[in-house]
Amino acid sequence: MKLTVLGCYGPYPIKGGSCSGYLIEEDQSKILLDCGNGVFSNYQKNFSLEDLDAIILSHLHPDHISDIFILRYALEFRKKSIKIFAPNNPHEEFIRLFHKSYEISIIDSKKSFKIGNMMIHFEKMNHVVPDYAICIEANGKKLVYSGDTSYTQKLIDFSKNADFLLCEAGVLEKDLVNTPPHLSPEQAVEIGERANAKRIMLTHFYPEYSLKMYKEEIGKKEIEYAEEMKTVII
Ligand SMILES: [Zn+2]
Ligand SMILES: [Zn+2]
């Protein structure tokens with residue numbers, strides 16, 4: 001499996017940056033996890049829209065879905081149909097997603113999907129709106145993406161023995177007093193360690209904080225950091 005980061009900021013980007021978007025490639029199949037602002041532009045740097053099989057939206061916050069509203073104009077010219085997977089809540093946001101360019105399937109933690117060789121599972125997290133962590137299994141490898149969430153045992157259980165955990169770290173330790181619906185770097189790493197994940201990559205960086213601030217909270221641990229257009233092999 002191959003992961004390319006197309007955007008890694010939230011809830012808004014740094015200058016010239018993009019919000020959440022991660023391309024997963026396995027054999028000939030391509031799935032986009034989240035489609036925040038700037039992601040479609042970055043996608044086109046290395047990939048063709050004709051090759052994209054599906055888009056999975058972890059939740060319906062603008063920093064994870066806003067490029068869907070412009071991507072659909074490009075999809076009108078596409079020959080193949082494309083599948084979009086999304087939670088159906090909040091209802092008014094879900095309704096806004098409807099468009100003739102694609103078909104939408106509703107995400108449910110009890111349902112799994114197969115796209116190419118990839119088996120895809122979901123688990124509901126703790127966020128302001130319903131958010132689903134996404135697990136992709138293919139060729140004996142397991143990748144988990146957290147979406148946005150506060151600390152939850154469910155993410156530890158869902159990420160058990162993952163080869164790769166792509167985990168949000170939207171806040172710093174000092175922000176936890178206000179019980180934000182996000183994880184600090186230390187919490188994200190703790191989740192990965194308790195799940196026995198082989199690799200952990202932090203993402204969803206707050207644009208007002210520098211990467212150095214995130215790194216200082218982690219210390220010397222072997223952690224990876226999302227970076228736009230960075231590709232990793234899992
Ligand atoms: Zn977000
Ligand atoms: Zn969110």
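Two residues are in contact when heavy atoms of theirs lie within 4.5 Å. This term will be needed at the last stop of the tour, which runs through a predicted model.

**The whole chain.** Begin by displaying the protein chain as a cartoon, in which 7 helices and 14 strands can be traced. The radius of gyration is 16 Å, close to the 17 Å that the globule rule gives for 234 residues, so the chain is as compact as a globular protein of that length. Along the principal axes, the C-alpha trace spans about 50 × 40 × 35 Å.

**The surface.** Of the 234 residues, 56% count as buried. Colouring by charge brings out 28 positive and 33 negative side chains, and the centres of these two sets are 3 Å apart.

Now select residues 18–204, which an unreviewed UniProt entry annotates as "domain: Metallo-beta-lactamase". Over this range the chain is 22% helix and 28% strand.

**Asp148.** Finally, select Asp148, in the loop between β10 (141–145) and α5 (153–158). Is Asp148 buried or exposed? Its relative accessibility is 1%, and buried means under 20%, so Asp148 counts as buried. Beyond its neighbours within four places in sequence, Asp148 is in contact with several residues, including His59, His64, His127, His182 and His204. Asp63, Asp131 and Glu168 are also among the contacts of Asp148. To end, select Phe164, 16 residues from Asp148 along the chain; the C-alpha atoms of the two are separated by 17 Å.

Methods:
Residues are numbered from 1 along each chain as its sequence is written. Chains are lettered from A and ligands numbered from 1 in the order in which they are written. This is a predicted model: local features need pLDDT of at least 70, side-chain atom pairs count only at pLDDT 80 or more; totals for chains, interfaces and linings use all residues. Side-chain values use heavy atoms; hydrogens and water are left out. Helices (H or I, at least four residues) and strands (E, at least two) are DSSP runs, numbered from the N terminus. The radius of gyration is taken over C-alpha atoms; the globule rule is 2.2 Å times the number of residues to the power 0.38. Buried means under 20% relative accessible area, exposed over 50%, partly exposed in between (1.4 Å probe, protein chains only). Lys and Arg count as positive and Asp and Glu as negative; His and the chain ends are not counted. The place of a charge is taken as NZ of Lys, CZ of Arg, CG of Asp or CD of Glu. UniProt positions are given in the numbering used here, feature names are shortened, and annotations may be inferred rather than shown by experiment.
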